[in-house]
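Hi,

Here's the structure I promised to pass on.

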Amino acid sequence: MLERIRIVLIGTSHPGNIGGVARAMHNMGLADLALVAPRCEVITQDSISRASGADHLLHHAVIHSTLEDAVADCTLAVGASARSRTLPWPMISPRELAERLPNECQHPDARVALVFGREDSGLTNAELQRCHAHVHIPTNADFSSLNLAAAVQVLAYECRMAWLSQTPLTPTDEHEDELATHAELERYFEHLERTLIAIEFHDPAQPRQLMARLRRLYLRARPEKMEMNILRGVLSATEKTAGTPPLQRQPQNQQE
């Protein structure tokens, strides 16, 4: 289970924090570290010193330019956030997250991404909306700021406790088919937006958080690969009926 959990750091600005995260991960048996557009050198004297013997994680960390690339193969992405700032999103505690992991990680191809934002500003709303859920560490309200490595340590500890306490699981029919990956979901959202624009249901100039709300709906539903294929087929049939050739119109970039 622990091998299927990925720690994703976005825009980290201090190499020592990356080293501290590597140490926290290695303490708890995690080894998959992904860095998205780091704002500092990864391998430095400070990061190696803070890693305290876990510097092999630094050397094997995969650097990505975007969050989408870092979680493309993941079946569950959870963003660490103090709050949902514009639109309520499923919020869970570290313990609730840990309780979900044994089932989430049953399939050999399952991957779980725990996503952490920048030291100074955390995750953007757009990044949070690319996560299935948000995890909130219930700190002291009068002093809630956590060091990045400390936040990773808390979640990594809960992951390890879930792994230590798990018993042999009997496969259920709940996820008999493979879950859709993050990349497949993103392709669906692009197709959905293109179709909604084509049938004049969605106006990019006045988005009214439509796509954000639809993202929340589908991410909460956790669709399987076969269900995703059905939904894509429905969109293609809608485009055909509406007389819009596939890929004729691309969705515009926008902030919801």
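Helix H7 covers residues 148-165, and with 18 residues at 1.5 Å each it should span 26 Å; the expected span is 1.5 Å times one less than the number of residues. Its end C-alpha atoms sit 26 Å apart, so the two agree. Helices here are DSSP runs of H or I with at least four residues, strands are runs of E with at least two, and both are numbered from the N terminus.

Before going on: this is a predicted model, where local features need pLDDT of at least 70 and side-chain atom pairs count only at pLDDT 80 or more, while totals for chains, interfaces and linings use all residues. Residues are numbered from 1 along each chain as its sequence is written, and side-chain values use heavy atoms, with hydrogens and water left out.

Back to H7. Its buried residues include Leu-148, Val-152, Leu-155 and Cys-159 (buried is under 20% relative accessible area, exposed over 50%, partly exposed in between, with a 1.4 Å probe and protein chains only). What do the buried residues of H7 pack against? Their partners include strand S1 (5-10), helix H1 (15-27) and helix H5 (94-104), where contact means heavy atoms within 4.5 Å. An α-helix has 3.6 residues a turn, so residues three or four places apart point the same way.

Leu-164 is also in H7, but with a relative accessible area of 54% it is exposed. Together with Tyr-157, Met-161 and Trp-163, Leu-164 forms a nonpolar patch on the surface.

Now for Glu-186, in helix H8 (residues 182-198). Is it buried or exposed? Glu-186 has 11% relative accessibility, so it counts as buried. Setting aside neighbours within four places in sequence, Glu-186 is in contact with Glu-68, Arg-130 and Arg-215.

Gly-122 is in the loop between S6 and helix H6 (125-128). Gly-122 and Ser-81 are 41 residues apart in sequence, yet 7.3 Å apart in space, C-alpha to C-alpha. Not counting residues up to four places away in sequence, Gly-122 touches Gly-117 and Glu-127.

Finally, the whole chain. The protein chain has ten helices and seven strands, and 46% of its 256 residues count as buried. Of the contacts between residues at least 6 apart in sequence, 85% join residues at least 24 apart.

Cheers

Methods: Patches are made of residues with over 30% relative accessible area and no salt bridge: like charges are joined within 9 Å, nonpolar side chains (Val, Leu, Ile, Met, Phe, Trp, Tyr) within 5 Å. Accessible areas come from the Shrake-Rupley method with a 1.4 Å probe; for residues, only the protein chains shown count as cover. A salt bridge is a side-chain nitrogen of Lys or Arg within 4 Å of a carboxyl oxygen of Asp or Glu.
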